[in-house]
Amino acid sequence: MLAERLTALDEVVELGEGRLDPGTVEDARRVAGKAGVRLRLGSAHTVVALAGATGSGKSSLFNALAGQAVSRVGVRRPTTSAATALVRGEESAAELLDWLEVPRRHAAAADGAGGGLVLLDLPDFDSVRLAHRLEADRLVELVDLLVWVVDPQKYADAVLHDRYLRPLAGHAGVMLVVLNQVDRLDPAARDACLADLRRLLDREGLSGVPVLAASAVTGEGLDAVRAALAERVAARRAAVQRLEADVRRTADGLRGACPDGGRAAVRREDRAALVEALTDAAGAETIAAAVTRSHRAQAAAVTGWPFTRWVRKLRPDPVRRLRLPTEPNELVRTSLPGPSAVQRARVDTALRRLTDHATDGLPEPWPGVVRRAATGAAAQLPDLLDRTVAGTDLGLGRRPRWWLPVGFLQAVLAVATLAGLLWLLGLFALDWLRFPEPPVPHVGRLPLPTLLLAGGALAGLLLALLARRLAAVGARRRARTARRRIRERVEAVAEDRVLGPVREELTVHERLCAAVSRLRS
Ligand SMILES: Nc1nc2c(ncn2[C@@H]2O[C@H](COP(=O)(O)OP(=O)(O)O)[C@@H](O)[C@H]2O)c(=O)[nH]1
Ligand SMILES: [Mg+2]
């Protein structure tokens, strides 16, 4: 059905815009636009154009078919580029001729042949005037039925065959060829001429095009021409057939972009490789290392040996040094160094692999279209990744629950150690001042102050070591968590900025090629 094909054609125009070759899209748009108007104007009239080279006898034939001298014959120096129209029958063809932009109109009665014919005498397609050639070409594109008028001298003319007949091979159903001026030939020459013309057309894929011999001067063969036209006009099919041929020609022009069986998709492993490369470029390793060190430093600050841990506090926190926000906040710019050349190259490679594989087997323009979709956001990626990292909840805020009791225990042990130290210092002072030594309690055989000092210090140190081991395990786990969360967010960015657009183009390819195959069905 033509209507369905025209819907498909609209889809081709819409999806092909900016993707397919501009000339092809333009052609499709022109055909779609033309079809819309032509169908709206209805099939009451059939527009038949007499087209041909200068002096072939178009105007003479036009007058002969009109039964009146409407068009000027033998005008060697044409003064107007406009075509002349003859409308046969009562029904008005004004709207149709307005659309065709043919100003000179003549009416003829619908005699025995019936109405519905709009006959056009076109300007010469080989005119010395460009305006005439353009006008002829414009109308050749618009009319329903094309009658090529040739004469015995110029029927094999290269312009006619190369520029018009051969490219219109798909339009054989809406074309006729009239060999005019046969009165100039004797019967043998006429047969030879017709046979040669037939052979030429057959070779050009136009074997379906009827060839009629006629003479506009003697009137010979004109009845056959009239009958052929009347038959087409009565059938009212030429307009639709012409449009169908146009749609087929457009579909043929699209065959290159949509060969049969071309399918494409993003491969899982390519997607994973891209996410890895982007995660790396986002600085996930740097952050993981900073998270590890930061966690260990904080653990030491709470659970380390109280007499040495103040040293730790002099060093800056590695996470804070990267200016990573403590609460996820995309508006913050971090102090991460940004992707290195190597990291960028890795991203580029991943992108190229992904698009190459996704468009494997697809012809141009698709590889280019998909590559553009994939790399459209490439320039913003470093900035985007930085914001992504800043907006990632790295899980830094929460302290492990065991830190507090261990810290408390460390404080108790420190107090005991200090108490033992002060006690011993007191005893030392009393002894120095030659006071009698007060009684000192013992635990077993060890004096209590000594036990407090040595035991407290030893226990504190051992507890600090144990806590450090535990903190190292926790730090590794936090680094893994941070890396995983960054990866998840980067994955979302990759999906949004790269994979989404790529998949969209692949979908466009599928829809467009489905539309093209509907054009051809
Ligand atoms: N002998 C002969 N002369 C013709 C015939 N048709 C046209 N002519 C002449 O060929 C010349 C050009 O004809 P015209 O109709 O103006 O051709 P156009 O340029 O295609 O419109 C004129 O002198 C016509 O009289 C024909 O069938 N037989
Ligand atoms: Mg003429």
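1. Two strands are counted as paired if DSSP finds at least two bridges between them. Helices (H or I, at least four residues) and strands (E, at least two) are DSSP runs numbered from the N terminus. On this basis, strand E2 (residues 84–88) and E3 run parallel and are joined by five bridges. Arginine 88 has alanine 108 in E3 as its bridge partner.

2. The model is predicted, with local features requiring pLDDT of at least 70 and side-chain atom pairs counting only at pLDDT 80 or more, while totals for chains, interfaces and linings use all residues; side-chain values use heavy atoms, with hydrogens and water left out. Residues are numbered from 1 along each chain as its sequence is written, and chains are lettered from A and ligands numbered from 1 in the order in which they are written.

3. Glutamate 101 lies in the loop between H4 and E3. Phi of glutamate 101 is near 60°, a positive value in a residue other than glycine. Glutamate 101 is exposed, since its relative accessible area is 54%; buried means under 20% relative accessible area, exposed over 50%, and partly exposed in between (1.4 Å probe, protein chains only).

4. The sheet as a whole is open and has seven strands in the order E3-E2-E4-E1-E5-E6-E7, with mixed pairing. Its edge strands, E3 (104–108) and E7 (211–213), each pair on one side only. From one strand to the next, the twist averages 25°. Axes are lines fitted to C-alpha atoms, for helices over the stretch in contact, and angles run from 0 to 180 degrees between N-to-C directions.

5. Two helices that pack on the sheet deserve mention. Contact means heavy atoms within 4.5 Å. Helix H3 (residues 58–66) touches strand E1 (46–52), E2, strand E4 (117–121), strand E5 (145–150) and strand E6 (175–179), and its direction makes about 155° with that of E4. Helix H8 (residues 222–235) touches E1, E4, E5, E6 and E7; the direction of H8 makes about 170° with that of E6.

6. A search of the whole structure finds five aromatic pairs. Rings of Phe, Tyr and Trp (its six-membered ring) pair if their centres lie within 6.5 Å; planes under 30 degrees apart count as stacked, over 60 as edge-to-face and the rest as tilted. The rings of phenylalanine 125 and tyrosine 164 have centres 4.7 Å apart and planes at 35°, so this pair is tilted. Phenylalanine 125 lies in the loop between E4 and helix H5 (130–142), and tyrosine 164 in helix H6 (residues 158–165), so that the pair links distant parts of the chain, 39 residues apart. Both phenylalanine 125 and tyrosine 164 are buried. Phe125, Trp148 and Tyr164 form one aromatic cluster.

7. One disulfide is found in a search of the whole structure. A disulfide is taken as a pair of cysteine sulfur atoms within 2.5 Å. Cysteine 258 is joined to cysteine 513 with an S to S distance of 2.0 Å. The torsion about the S-S bond is about -75°, so the disulfide is left-handed. Cysteine 258 is in the loop between helix H9 (238–253) and helix H10 (268–281), whereas cysteine 513 is in helix H18 (residues 448–520), 255 residues apart. Cysteine 258 counts as buried at 3% relative accessibility, and cysteine 513 is buried with a relative accessible area of 15%.

8. Most residues other than glycine have a negative phi, and most peptide bonds are trans. Glutamine 181 has a positive phi of about 65° although it is not a glycine. Glutamine 181 lies in the loop between E6 and helix H7 (187–203) and counts as buried at 12% relative accessibility. A cis peptide bond joins glutamate 364 and proline 365, with omega about 10°. Proline 365 is placed in the loop between helix H14 (341–358) and helix H15 (366–375).
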